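User: I have a new model open and would like to learn how to read its features one by one. Could you walk me through it?

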Amino acid sequence: MYRFIGRIVSWGIAQINDFYKNIAIIQTIIPLVEPIPIAMIWGYDCISTGDGSVSAPEPFVSTDYHIIVDCSNIFIGSQTIRDPTTGATQKNPAIRVNVKNLVRVVENDKLKIYIKTRIAGGSKPPENLPVWKEWASCGYKCIVIERSVSGPEDGVDEMLHAQILQLLHIYKDTQTRSQVLVLVTGDGNINGGRTSFLQSVESVLTSNWSVELWSWERSLSQHFLSTQRFFPSRMTIKYLDSYRNDITFIQKPREN
C-alpha cells in the first residue's frame with residue numbers, strides 16, 4: 001500500500017518538474033519572437049521605423065480628379081513634329097488626335113470613381129463636329145463655341161479658366177480629400193492681364209490643390225516650369241510625346 005502511494009507521489013513530482021522545465025524553455029523562446037502588430041492582424045499595412053518597432057500608416061485620403069482639356073492647344077501641338085534626321089521642326093496638318101486613346105493615357109492611373117470632373121473645350125468648325133461626339137462618348141462635358149469669322153478662337157480659354165475657378169469654389173475640402181487639377185494644355189500665356197491657364201494653376205496650387213499638367217514638350221510654356229519650381233511636390237508635368245504613336249494618326253485625304 002505504502003509502495004503504491006510512494007509511486008504516485010514520485011510520478012506527481014516528476015510531472016511537476018517536467019512542467020517547470022517546459023516553462024523555462026518557453027521563456028527562452030518567446031523573447032525571440034516579435035509580436036504581431038494589431039494593425040497587421042486587422043489587415044492594415046504597417047510601416048517599419050527601423051528600430052524594430054512598427055508604426056501605423058498615414059490615414060488613407062481619397063483623391064478627387066478634375067480634368068480640363070484645352071483641345072485646340074493639344075491638336076495644334078500634335079501637328080508640330082521634329083525631324084529625327086535634321087532635328088528641325090516641321091508642321092504636318094494631316095495629323096489628328098485620337099480622342100479615346102488620349103483619354104486612356106490621361107486617365108490611366110486614376111480610379112474612375114474618383115474622377116469628378118471631365119471638361120473638354122474648343123471651337124466648332126463644321127468639319128470637326130465628330131470630334132466633340134468622341135469627347136462626349138468618353139464622358140466629357142464639351143464647352144464649344146463657334147470659331148470667329150477671322151479664324152482664331154475667341155473666349156474658349158476664358159470659359160475654361162472660369163470652370164477651374166468654379167471648381168475651386170465647389171471643392172473646398174482639402175483636409176479629408178485631396179484635390180487634383182489635371183490640366184491638358186501647354187498654354188501658359190500671360191494674356192495681358194486677362195485670365196489665363198497660368199493664373200488658374202497658381203490659384204489652384206495656393207489653395208492647397210495639386211496639379212498634373214499634360215502637354216506636348218515643344219508646346220509647353222516655360223512659365224509652367226517656373227511655377228513648378230515653387231511647388232515641386234504638388235505640381236507634376238507629363239509629356240504627351242511618349243505616347244505620340246498611340247494618340248495621333250494621319251488623316252487620309254478625302255477622295256473627290
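Analyst: Gladly! Let's start with exposure: buried means under 20% relative accessible area, exposed means over 50%, and partly exposed lies in between. Keep in mind that this is a predicted model.

User: Then is Met159 buried, exposed or partly exposed?

Analyst: Met159 has a relative accessible area of 34%, so it counts as partly exposed. Its place is in helix H6, which covers residues 156–170.

User: Which residues does Met159 touch, leaving aside those up to four places away in sequence?

Analyst: With those set aside, Met159 touches Ile143 and Ile145. For Ile143, the C-alpha atom is 7.8 Å from that of Met159, and the two residues are 16 apart along the chain.

User: Before going further, how do I judge confidence in the model?

Analyst: Look at the pLDDT. The protein chain averages 83, and 71% of the residues score at least 70. Residues 36–45 are a stretch to treat separately: the pLDDT there is below 50, and the stretch has 7 contacts in the model beyond near neighbours in sequence.

User: And what is the overall make-up?

Analyst: The protein chain has 9 helices and 12 strands. Of its 256 residues, 34% count as buried. For contacts between residues at least 6 apart in sequence, 67% join residues at least 24 apart.

User: Which residues of helix H3 are buried?

Analyst: They are Cys71, Ser72, Asn73, Ile74, Gly77 and Ser78. Helix H3 spans residues 71–78 and is mostly covered, with 6 of its 8 residues buried.

User: How should I read a pair of packed helices?

Analyst: Take the angle between the axes first, then the separation, then the residues that meet. An angle under 35 degrees counts as roughly parallel. H6 and H7 pack at an angle of about 5°, with their axes 10 Å apart. That angle makes H6 roughly parallel to H7.

User: Which residues make that contact between H6 and H7?

Analyst: H6 contributes Asp157, Leu160, His161, Ile164, Leu165 and Leu168, while H7 contributes Phe197, Ser200, Ser203 and Val204. By class, there are 6 nonpolar, 3 polar and 1 charged residues in this contact.

User: What happens where H7 meets H8?

Analyst: The axes of H7 (residues 197–205) and H8 (residues 222–230) come within 10 Å and cross at roughly 15°. That makes H7 roughly parallel to H8. The crossing is right-handed. On the H7 side, Phe197, Leu198, Val201, Glu202 and Leu205 take part, meeting His223, Phe224 and Thr227 in H8. This contact divides into 5 nonpolar, 2 polar and 1 charged residues.

User: Is Glu202 buried, exposed or partly exposed?

Analyst: Glu202 counts as partly exposed because its relative accessibility is 35%.

User: At what angle do H4 and H5 pack?

Analyst: Helix H4 (residues 99–107) and helix H5 (residues 129–137) pack at about 35°, and their axes are 9 Å apart. Their crossing is right-handed. Val99, Lys100, Leu102 and Val103 of H4 make the contact with Val131, Glu134, Trp135 and Ser137 of H5. By class, these are 5 nonpolar, 1 polar and 2 charged residues.

Conventions: Residues numbered from 1 in each chain as written. Predicted model: local features only at pLDDT ≥ 70, side-chain atom pairs only at ≥ 80, totals over all residues. Heavy atoms only, no water. pLDDT = per-residue confidence, 0-100. Contact = heavy atoms within 4.5 Å. Axes fitted to C-alpha atoms, helices over the stretch in contact; angles between N-to-C directions. Helix = DSSP H or I, 4+ residues; strand = E, 2+ residues; numbered from the N terminus. Parallel < 35°, antiparallel > 145°, perpendicular 65-115°, else oblique. Left-handed = near helix turned anticlockwise from the far one by under 90°. Nonpolar A, V, L, I, M, F, W, Y, C, P; charged D, E, K, R; others polar. Buried < 20%, exposed > 50% of the residue type's maximum accessible area, 1.4 Å probe, protein only.
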